[in-house]
Amino acid sequence: MWLGLLLLIVVTAFITSGIGPLEISYKTILQLWLAPIHPAWSAGVDDTVRYIVINVRLARIVLALTVGGALALAGAVYQGVLLNPLADPFTLGVSSGAAFGASLAIIAGVGGIHLLGISALPVAAFAGALSALYLVYLLGRMDGRIHVTTLVLAGIIVSTFLSACISLLKSLNEDSVSTIVFWIMGSFAGKSWTHVLLVLPYLVLGGGVIFWYTRELDILSLGDIQAQHLGVDVQRMRLFLLLASSLLTAAAVAVSGIIGFVGLVVPHLVRLGIGPRHRRLLPAVLLLGGFLLLIADTIARSLLTTGEELPVGVVTAILGGPFFCYLLLHRKKYLQL
Amino acid sequence: MLSAAPSKEIPAALIRVGDLWCGYPGHDVLRGLSFAVRKGEFIGILGPNGSGKTTLLLALSGILPIRGGEIEVLGYPLGRLKHKERARHVAVVTQEPDVRLPFSCEEVVRMGRYPHQKRWQLDSIEDAEAVRRAMFLTDTGVLAERLITAVSGGEKQRVIMAKTLAQEGTVLLLDEATSAMDIHRKLQIFKVLEQLHVENGLTVLAVMHDVNLAAMFCERIIFLKEGCVVADGAPESVLIPEILEEVYETRVLIQEVPNIRKLQVVFMP
């Protein structure tokens, strides 16, 4: 099944790299794709075309796949660790926290600073993400217990507040007012391989931690006490997994802004299809998240005939909203609300 | 079926609780509790609500930190055992299990093998065999493919019981483990426990509400009240009006059931 998804992703990536304002024939694209195998095949292709296909479109496609995978994986882990079907980077306020951290870093002028080869932007986003998650956690368990809906309510409050703060920051720093939409609704416009390289290490690191704990994630669904009876160190595991998924979220938000619904919907979609075992679920979530965000981004950049782009978060919300309504209306029992 | 690692010498007392103080912030539920569990005992722990039964099991399984006194498992202080190692020796069935994701019942039973498995290892032949046996004993084979979120409360308890049997601990701790089952299933599960106890020397420590169920199966009964041991001994010696009336503050009538020579208690309103 993963192989099927992988193949689907490659085919979709191929098709979408032919979509854009400049008409490029699929023959040319195939030539460019095969160039690493046999450079002579791409001989005679115009340098501008080559640049557009490889450095503009393909970079953007890979970035959408990476960010989509990261967000969906983070969502699956939040849902599994907090045993909350409504949890995802967006509803928990983690995305907004990351965006706030990143904008703060940009305003402070440290956004472009590199320390020991590490860009400050994802680090600031990570700090913001963790602070927001901690705040939501505190608010959500005011009466000692964490309720499914209280936690999400706290997430929405923190998220709304931080979005307002981002708007405020940008308004005070007036030359970048237009980019508010980027942070709040997300976008892949003008992104390059640099951004892919910015996210990828964090995806590998966070994903590594998450895949390390697949078996424990299954057991955690029995509840904390039963998991401890089986010998799982619940406190430690929960801490590591929350850190890992917040890292994924922060890295994704640092390059693409806040994109909702991917982390919420994809895990449910996969769980309905192949069941809840994380050993199978997580790889499928990673792939499907990437695939769906690639589709959403392609729609975002090609829907308007005027050549302008929609924020990709608008597309994911329009696609994801109705699906979640369906879950709420017809699969209430599955959601266990 | 249920045995400890053969290399390890098992001391006479599997579990030793000495002057245990334990509870929740600002409120000690257990106040100076002491007793020892020898290998191969079948013990019932009884007492009114709030007497500390569940707290005792949480302390024994290492979940509640203890505030005073000590707990030793297999001769080691409880805190010194690693989580997985403790889980290989002490298996627990909790009250009101709740599974939050739609796993199949068989998948839930297989989770019981966790303490025996290495991280990247797939289910071994022993794992598969332990799961099969546990499901056979609890009669949960027919539930294997059903979703744990879609079975009844009693069925869920049987699946959780199967999961815990698959864990193959040296000691089995039960907390009201059969509360949602009908009487037929209840007796069936206790007969399985009795069988494992007799044939394999499984040690059972069961918190229960039902005095008569305890009288039927347990070889030793410990009565708790207000966090202290009130009585501890064989059913014949502790199921006497003086003790029962002190524990439950209710008048009782004790009868012997003909043929099987077990005591049964009637509480008089």
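Predicted model: local features only at pLDDT ≥ 70, side-chain atom pairs only at ≥ 80, totals over all residues.

Student: What does the secondary structure of chain A come to?

Tutor: Helices (H or I, at least four residues) and strands (E, at least two) are DSSP runs, numbered from the N terminus. Chain A has 15 helices and 2 strands.

Student: Why may chain A be called a compact globule?

Tutor: The radius of gyration is taken over C-alpha atoms, and the globule rule is 2.2 Å times the number of residues to the power 0.38. For 337 residues a compact globule would have a value near 20 Å, and chain A agrees because its radius of gyration is 20 Å. Its C-alpha trace spans about 65 × 50 × 45 Å along the principal axes.

Student: How many of the residues in chain A are buried?

Tutor: A residue is buried if 20 or more other C-beta atoms lie within 10 Å of its own, exposed if 12 or fewer, and partly exposed in between, with C-beta atoms placed from the backbone. Buried residues make up 49% of the 337 residues in chain A.

Student: How do I read the strands of chain B, and in which order do they form the open sheet?

Tutor: Strands of a sheet pair through backbone hydrogen bonds, either parallel or antiparallel. Here two strands pair if DSSP finds at least two bridges between them. In chain B, 6 strands form an open sheet with mixed pairing, in the order β6-β7-β8-β3-β9-β10. Its edge strands, β6 (90–93) and β10 (228–233) of chain B, each pair on one side only.

Student: Which strand is joined to β3 of chain B by 4 bridges?

Tutor: Strand β3 (residues 42–46) runs parallel to strand β8 (residues 203–207), both of chain B, and 4 bridges join them. Within β8(B), B:Val204 stands opposite B:Phe42.

Student: Which strands of chain B are joined to β1?

Tutor: Strand β1 (residues 13–24) of chain B is antiparallel to strand β2 (residues 27–38) of chain B, with 9 bridges between them. B:Ile15 faces B:Val37 in β2(B). Their hairpin has 2 residues between the strands, and B:Gly26 there takes a positive phi near 75 degrees. β1(B) also runs antiparallel to strand β4 (residues 66–73) of chain B, through 6 bridges. There, B:Cys22 has B:Ile66 in β4(B) as its bridge partner.

Student: How many residues does each chain give to the contact between A and B?

Tutor: Two residues are in contact if their C-beta atoms, placed from the backbone, lie within 7 Å. Chain A gives 19 residues and chain B gives 19 residues. On the side of chain A, the elements that give two or more residues are α9 (214–220) and α10 (224–229). α10(A) gives the most, with 4 residues.

Student: Is A:Asp218 buried or exposed?

Tutor: A:Asp218, found in helix α9 of chain A, counts as buried because it has 24 C-beta neighbours inside 10 Å. Not counting residues up to four places away in sequence, A:Asp218 touches A:Arg277, A:His278 and B:Met111. A:Asp218 and A:Arg277 are 59 residues apart in sequence, yet 6.2 Å apart in space, C-alpha to C-alpha.

Notes
Residues numbered from 1 in each chain as written. Chains lettered and ligands numbered in written order.
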